[in-house]
Amino acid sequence: SSIMVLNGPNLNLLGTREPETYGHETLADVETMCRDAAKTLGYDIDFHQSNHEGVLIDLIHEAGRRIKEGVLLGVVFNPGAYTHTSIALHDAIKGADVSVIEVHISNVHARESFRHHSYISSVATGVVVGMGVQGYVLGIQGLVHKLKN
Ligand code: DQA
């Protein structure tokens, strides 16, 4: 069975984008970390990034279908700036009944006030904030612990 790791807008720039805030690891590094962490727990990783809200919505719907088929456990999701704007992603997670662990590399609560509200948190199973890219690994571990133990 697998875990989907989903990344929203601008996360393809990880490593070069505001490294003082997001660190020096690239998204390819994050993918490797996720695959290693999941393998230890007996899962495969289905890794995606998109800058397009509609593509992310389609992937959440696909995750919902795969969860029902029993081939996917849930989604570790960094929605990027759509966190703070997207009622559509909120509705997709709720509507497709997808277990989501929301991940933010930076501590959004210690940053600008427009990053303090999340449309995703109220439909998330858990939230990991401010732990750097290690947050993805913690999200994977948290998803498995919450859903399998
Ligand atoms: C982010 C935080 C968001 O506020 C920002 O728009 C991002 C990245 C994070 O991982 O810290 O793109 O989700």
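How do the residues of the shell around the ligand divide into nonpolar, polar and charged? In this predicted model, the shell around the ligand comprises three nonpolar residues, six polar residues and one charged residue. The residues concerned are Asn10, Asn78, Gly80, Ala81, Thr83, His104, Ile105, Ser106, Val108 and Arg115.

In soluble globular proteins, nonpolar side chains tend to be buried together. The largest nonpolar core of the model holds 41 residues, and those with the most contacts inside this core are Ile3, Val5, Cys34, Val76, Tyr136 and Ile140. Two or more residues are contributed by each of the strands β1 (2–7), β2 (44–49), β3 (72–78) and β4 (100–104), and likewise by each of the helices α2 (27–41), α3 (53–69), α4 (87–95) and α5 (134–148). Of these elements, α3 makes the greatest contribution to the core, with six residues. For Ile3, when its neighbours within four places in sequence are left aside, the contacts are with Ala38, Tyr43, Ile45, Leu73, Gly74, Val76, Ile140 and Leu143.

After α2 comes Gly42, a residue with a positive phi near 85°.

Leu72 is found in β3 and is buried, because 22 other C-beta atoms lie within 10 Å, where 20 or more are required. Leaving aside neighbours within four places in sequence, Leu72 is in contact with Ser1, Ser2, Met4, Ala63, Arg66 and Ile67. The C-alpha atom of Leu72 is separated by 24 Å from that of Ile105, a residue 33 positions away along the chain. Phe77 also lies in β3 and is buried, with 28 other C-beta atoms within 10 Å. Residues up to four places away in sequence not being counted, Phe77 touches Leu6, Val100, Glu102 and Val103. Between the C-alpha atoms of Phe77 and Thr16, which are 61 residues apart along the chain, the separation is 21 Å.

Positive phi values are also present at two loop residues other than glycine. Glu18, which is not a glycine, has a positive phi of about 35° and is placed in the loop between β1 and α1 (19–22). Glu18 counts as exposed because it has 11 C-beta neighbours inside 10 Å, the limit for an exposed residue being 12 or fewer. Asp97, located in the loop between α4 and β4, has a positive phi near 55° and is likewise a residue other than glycine. With 11 other C-beta atoms within 10 Å, Asp97 is exposed.

Methods. Residues numbered from 1 in each chain as written. Predicted model: local features only at pLDDT ≥ 70, side-chain atom pairs only at ≥ 80, totals over all residues. Near = placed C-beta within 6 Å. Nonpolar A, V, L, I, M, F, W, Y, C, P; charged D, E, K, R; others polar. Core = buried A, V, L, I, M, F, W, Y, C linked by C-beta atoms within 7 Å. Helix = DSSP H or I, 4+ residues; strand = E, 2+ residues; numbered from the N terminus. Contact = placed C-beta atoms within 7 Å.
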